[in-house]
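Trainee: Could you take me through this model step by step, and tell me how each feature should be read?
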Amino acid sequence: MSLTHRDVATVGIGGPVGSGKTSLVTEMVPKLREAGLDVGVIANDILTQADADALRERFEGIVPEDLVAGVETGACPHTGIREDPSMNLAQVDDFLDAHPELDLVLVESGGDNLAATFNPELADYSLYVISVAEGEDIPRKRGPGVVECDLLVINKTDLAPHVGADLDAMKRDAETVRDGPFVATNCKTGAGVGDVLEHVREGVLFA
Ligand SMILES: Nc1nc2c(ncn2[C@@H]2O[C@H](COP(=O)(O)OP(=O)(O)OP(=O)(O)O)[C@@H](O)[C@H]2O)c(=O)[nH]1
Ligand SMILES: [Mg+2]
């Protein structure tokens with residue numbers, strides 16, 4: 001994948017409301033920092049700065065606070081990441097003005113309805129996070145977010161037995177509906193997050 005449009009790699013993180021996008025970012029960032037990478041984070045939220053505020057607090061001491069920003073997209077999360085990503089792109093530029101050394105920016109989308117895909121101008125690589133607790137038939141429904149992302153993340157694997165979801169069926173369906181890879185994660189323990197980072201590295205950082 002070539003990074004022709006700007007001087008920093010960007011990774012979009014989409015997925016339905018509550019699937020674990022912020023939790024995944026929370027797990028990824030310390031590991032990226034341990035690997036020596038300078039990271040910025042943008043959290044898109046419909047009407048608040050809630051995720052950005054929570055992330056800024058969690059990353060205190062490991063990410064400068066001006067590298068964690070919220071973008072309020074208004075009613076529809078798709079707009080800010082796909083149709084008109086200008087607010088997010090302006091934020092990436094602001095990060096770069098203050099921190100030209102940046103290696104990577106993570107952009108969390110607001111929660112959507114399986115349809116949100118990232119504008120390639122905004123994201124060089126895209127993750128789509130679904131949760132087993134939303135029902136085992138989510139991959140089978142072939143939402144554009146699930147099908148078209150670079151990496152599908154099936155999160156909350158720990159909850160599968162509690163909600164009667166067949167994780168193996170979800171994995172089989174993910175293989176059927178997608179050409180690309182998927183990873184199963186538990187963001188409560190960090191299981192699988194290393195695999196997510198390997199894909200991200202292959203997708204953008206060492207491209
Ligand atoms: N059991 C379990 N809970 C999880 C896991 N990942 C996230 N959660 C919980 O799920 C809830 C929602 O997680 P978030 O990370 O806020 O989800 P989100 O996708 O960022 O949500 P929005 O930004 O509001 O769309 C929180 O209570 C998390 O603690 C997981 O792997 N297992
Ligand atoms: Mg969130």
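Mentor: We shall look at a helix pair and then at a metal site.

Mentor: This is a predicted model, in which local features need pLDDT of at least 70 and side-chain atom pairs count only at pLDDT 80 or more, while totals for chains, interfaces and linings use all residues. Residues are numbered from 1 along each chain as its sequence is written, chains are lettered from A and ligands numbered from 1 in the order in which they are written, and side-chain values use heavy atoms, with hydrogens and water left out.

Trainee: How do the axes of helix H1 and helix H8 cross?

Mentor: Two packed helices are described by the angle between their axes and the distance between the axes. Here the axes of H1 (residues 21-34) and H8 (residues 193-205) come within 10 Å and cross at roughly 70° (helices are DSSP runs of H or I, at least four residues, numbered from the N terminus; axes are lines fitted to C-alpha atoms over the stretch in contact, with angles from 0 to 180 degrees between N-to-C directions). H1 and H8 are therefore roughly perpendicular to each other, a term that covers 65 to 115 degrees.

Trainee: Which residues make the contact?

Mentor: Leu24, Glu27, Met28, Lys31 and Leu32 of H1 meet Val193, Val196, Leu197 and Val200 of H8, where contact means heavy atoms within 4.5 Å.

Trainee: Which residues coordinate the magnesium ion (ligand 2)?

Mentor: Donors are N, O and S atoms within 2.8 Å of the metal (3.2 Å for Na, K and Ca), and sites may look incomplete because water is not among the atoms. The magnesium ion (ligand 2) is coordinated by Thr22 (OG1), Asp51 (OD) and Glu108 (OE), at 2.0 to 2.2 Å, and its donors follow the spacing T-x28-D-x56-E along the chain. Threonine 22 lies in helix H1 and aspartate 51 in helix H2 (residues 50-58), so the pair ties together parts that are 29 residues apart in sequence.

Notes:
Helices (H or I, at least four residues) and strands (E, at least two) are DSSP runs, numbered from the N terminus. Angles under 35 degrees count as roughly parallel, over 145 as roughly antiparallel, 65 to 115 as roughly perpendicular and the rest as oblique.
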